[in-house]
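Work through the exercises below with the model open. Each task is followed by a solution in steps.

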Amino acid sequence: MLTAEELERYARHIVLREVGGPGQAALKNARVLVVGAGGLGAPVLLYLAAAGIGTLGIVDDDLVSLSNLQRQVIYGTAEIGSAKVESAATAINRLNPHVVIEPQNVRIGAANAMELVGSYDIVADGSDNFATRYLVADACFFAKKPLVTAAVGTFDGTLTTLRPHERAPDSRPNPTYRCLFPEPPPPGTVPLCAEAGILGALTGVLGSLMALEVIREIVGFGEGLVGRLLMFDARAMRFETLSYNWDSANPLSGDKPTIRDLSSHA
C-alpha cells in the first residue's frame, strides 16, 4: 500500500517496531478531523501531515492575522488576510503531497457538527473556547468517534483523550468530557487570549502532544490518555497526570441522561 517514495519518506517510522509497515499503512488509511487551525491546530496539522495521515479535514472560518504569527507556525507573513484553511492546505501540500486535504471554511456548530465529525475516524479539537469544546465532545459522543482535546492558558495546558462510546477494562463506561468538566466556567471568568496573552511556544508543546496522541490512537502503541488528564506547567517545566472516571451523574452517558442530541448547542 506504500509506494517506494512513501517508504523512504516514512522510513524512520517504519523501522520503529511499534509502528512498522502496518502502522504506517494505518496512518495512510486514517481520516482525521482537526477543529481549529490556530495555535494548537497549526502544529497538529503539520505533524500529522508529516506523519503520513491519509486524509486531513480542517475546520476553521477565520482569516490569518499578523498577531497569529507569534504562535500559529503553519502560516507566514504573506498569508495575512487569507482564509486559514486554504493557507494551511497550501502548507500541508508543500510538506507532504500524499495527504488529501479537506478544508472546511465554516464555523462548527450544532447544525453541521454531526456531519463533519461523522465523516472522520478520529477528531483533534484545538478550538479556543469552551462552547466549541463542549459541542465537539458531545458530537463525538453521539457519533461514536474518539476525540483528542487540548486547551492552553497563558503558561499552562491540558490534554486528554475521550472514548466514552466504549467501556473500560473494568466494564464501566469510559468518561465523557462532562465527567471531567461538568460545567463550563461562567462567562467572563476566563480571559480571552487577546486579553491575557499566551506564550507562543506553549501551543507548540501541546499541539505536538496532540498529534502524538492522535498517531498513538491510530497505530495503537503504548498507553493513551483515556481517563487521564495530562497537565503541563510551562513556568515550572513540569508535567502531571490526573486520573478521572466515569460520572454516573453526567448528562450524556450517566444513569439518567438528559442530553440526547446537539439541540442545546443551537
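Two strands count as paired if DSSP finds at least two bridges between them. The model is predicted.

**Exercise 1. Around Met 231**

Task: Which residues stand opposite Met 231 in the strands β6 and β8?

Solution. 
- Step 1. Start with β6 (residues 156-162) and β7 (residues 228-233). They run antiparallel and are joined by four bridges. Here Thr 158 is the residue opposite Met 231 of β7.
- Step 2. Turn to β8. Six bridges pair β7 with β8, again in the antiparallel sense. On this side Met 231 faces Glu 240 of β8.
- Step 3. Follow the chain from β7 to β8. The two strands form a hairpin, with four residues between them. In the turn, Met 237 has a positive phi of about 50°.

**Exercise 2. α3 against α10**

Task: Describe how helix α3 (residues 20-29) packs on helix α10 (residues 200-219).

Solution. 
- Step 1. Take distance and angle. The axes come within 9 Å and cross at roughly 110°.
- Step 2. Classify the angle. Values from 65 to 115 degrees count as roughly perpendicular, so α3 is roughly perpendicular to α10.
- Step 3. α3 and α10 cross in the right-handed sense.
- Step 4. List the contact. Gly 23, Ala 26 and Leu 27 of α3 meet Ile 215, Ile 218 and Val 219 of α10.
- Step 5. Sort by class. Five residues are nonpolar, one is polar and none is charged.

**Exercise 3. α4 against α10**

Task: What are the angle, hand and contact residues of helix α4 (residues 41-51) with α10?

Solution. 
- Step 1. The axes are 8 Å apart, at an angle of about 40°.
- Step 2. That angle makes α4 oblique to α10.
- Step 3. The crossing of α4 past α10 is right-handed.
- Step 4. α4 contributes Pro 43, Val 44, Tyr 47, Leu 48 and Ala 51. The α10 side includes Thr 203, Gly 204, Gly 207, Ser 208 and Ile 215.
- Step 5. By class, the contact holds nine nonpolar, four polar and no charged residues.

Notes: Residues numbered from 1 in each chain as written. Predicted model: local features only at pLDDT ≥ 70, side-chain atom pairs only at ≥ 80, totals over all residues. Heavy atoms only, no water. Axes fitted to C-alpha atoms, helices over the stretch in contact; angles between N-to-C directions. Parallel < 35°, antiparallel > 145°, perpendicular 65-115°, else oblique. Left-handed = near helix turned anticlockwise from the far one by under 90°. Contact = heavy atoms within 4.5 Å. Nonpolar A, V, L, I, M, F, W, Y, C, P; charged D, E, K, R; others polar.
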